[in-house]
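Good morning, and thank you for making time for this presentation.

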Amino acid sequence: MTITKTLLSGIAALAIAGCSASYSGPVETTAAATEPVQLVTPPARDPSELQVLFWDNETRTARFRDMESWFAGHEVPASANPRELPEGAPLPSELQAEIREAMVQSGASGVMVIKNGTARFEGYSLGLGAEDRWTSFSVAKSFTSTLLGAAIADGFIGSLDDPITQYVPELAGSSYDGVTVKQLATMTSGVAWNESYTDPSSDVAQMNRFVLEYGADAIVAQMKELGRAAEPGEKWNYSTGETNLIGMVVENAIGLPLAEYAQTKIVEPAGFEGGLFWMTDPRGGNIGGCCLSLRLRDYARMGQFVLDGGEGVVPEGWFGEAGAAQVDFGNGGFGYGYQWWTYPGGNYGAQGIFGQSITIVPEEQLVLAVVSNWPTATSGEYRAKWGGIAAKIAAID
């Protein structure tokens, strides 16, 4: 698959996405789908139009629900058997009012609550409708983690303890020697990475240069240059580049782009009612750390699929491990699992910049899905606000 230089530049300019090395080519893992995954390519754009982090508020609101018109990606058809989301009793009126107020304050475009398997609240704003999609940013990391679990269950990846160089041999001789798949999944590789979005010399900011210089080999070329900040397993450091490596590990192991694997391992079993769009990287696979788009209800369905355990897709007990604090931040129960953020009380969730999230409260059988256009990429205030709302919803019958 070929992507223009303009699109390559735009993908790299996301600064939160990255790219992957080549995968080995397609293999048959399941019966052929009735409707195949399709590659879609948007009109040519000037690279200056694709600087996502620098779009103004109005531009973000319009484009977050239409990323397929701006970036190349794979279109995965809706499930042949969409999962029903039966309506339950509405949330108390005071709580509904608090949610709607929080939506206005934080720039949330959609909020859905599933409790005990029933839909208790569904609200939209910013021009988003029930049949529209919204981008995910780093919520995609938790999808990639789920596909990692599926690849283990299917026998393509032997163990989380396997060295990543077994699946990405081009990294041999680099700081990734001796790093395991599990350490990659928990972001404890010990390899130095600067995720700053404001520092032009950061590793994230330099991805554009590597794409333009190395094309399909950009991520390996960049990651091979990184030094070591700690021994493997000793230090946690957030790195979107490493989630892209997880995507590479999975794609090299299974011989398919993430989106094609997601069709049979997420979209169909979770029963998505709408299609999934997942941006491609420079070599034609998918961006492991970012950039899939879904309907709000399908974000909620993903949460319910995870809450139910992903039976038959991931190893038994996978989400119990993935959503547990493999890394404890030491601040009252917050931590990090296998590409899931962990919260006090055994709760966990997926998070993305500009206010995307899926929060899961297993004890109360609660899924809270939120998609947004926050005025800033990150906000501890808004995260805390939605965390407090999740606690209030969990506390009701």
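Val-361 stands opposite Leu-366 in strand 13. This is a predicted model, in which local features need pLDDT of at least 70 and side-chain atom pairs count only at pLDDT 80 or more, while totals for chains, interfaces and linings use all residues. Residues are numbered from 1 along each chain as its sequence is written, and side-chain values use heavy atoms, with hydrogens and water left out.

Strand 12 and strand 13 pair in the antiparallel sense over five bridges; two strands count as paired if DSSP finds at least two bridges between them. The strands (E, at least two residues) and helices (H or I, at least four) are DSSP runs numbered from the N terminus. Four residues lie between the strands of this hairpin, and Gln-365 takes a positive phi near 50 degrees.

What joins strand 13 to strand 3? Seven bridges do, and the two strands run antiparallel. Val-111 has Val-370 of strand 13 as its bridge partner.

Strand 10 and strand 11 are joined by three bridges, and Trp-341 has Gly-349 of strand 11 as its bridge partner.

Is strand 13 buried or exposed? Seven of its seven residues are buried, that is, under 20% relative accessible area with a 1.4 Å probe and protein chains only. Leu-366, Leu-368, Val-370 and Ser-372 lie on one side, with Val-367, Ala-369 and Val-371 on the other.

Finally, the largest pocket holds about 480 Å³ of space. A pocket is an open set of points on a 1 Å grid over the protein atoms alone, where a 1.4 Å probe fits, with protein on both sides within 12 Å along at least five of seven lines; lining residues have an atom within 4 Å of a point. The volume is the space filled by probe spheres set on the points, which are joined across faces, edges and corners. Of the 24 lining residues, those closest to the centre are Phe-334, Tyr-343, Gln-351, Arg-383 and Gly-387. Helix 12 gives the largest share of the lining, eight residues.

Conventions
Buried means under 20% relative accessible area, exposed over 50%, partly exposed in between (1.4 Å probe, protein chains only).
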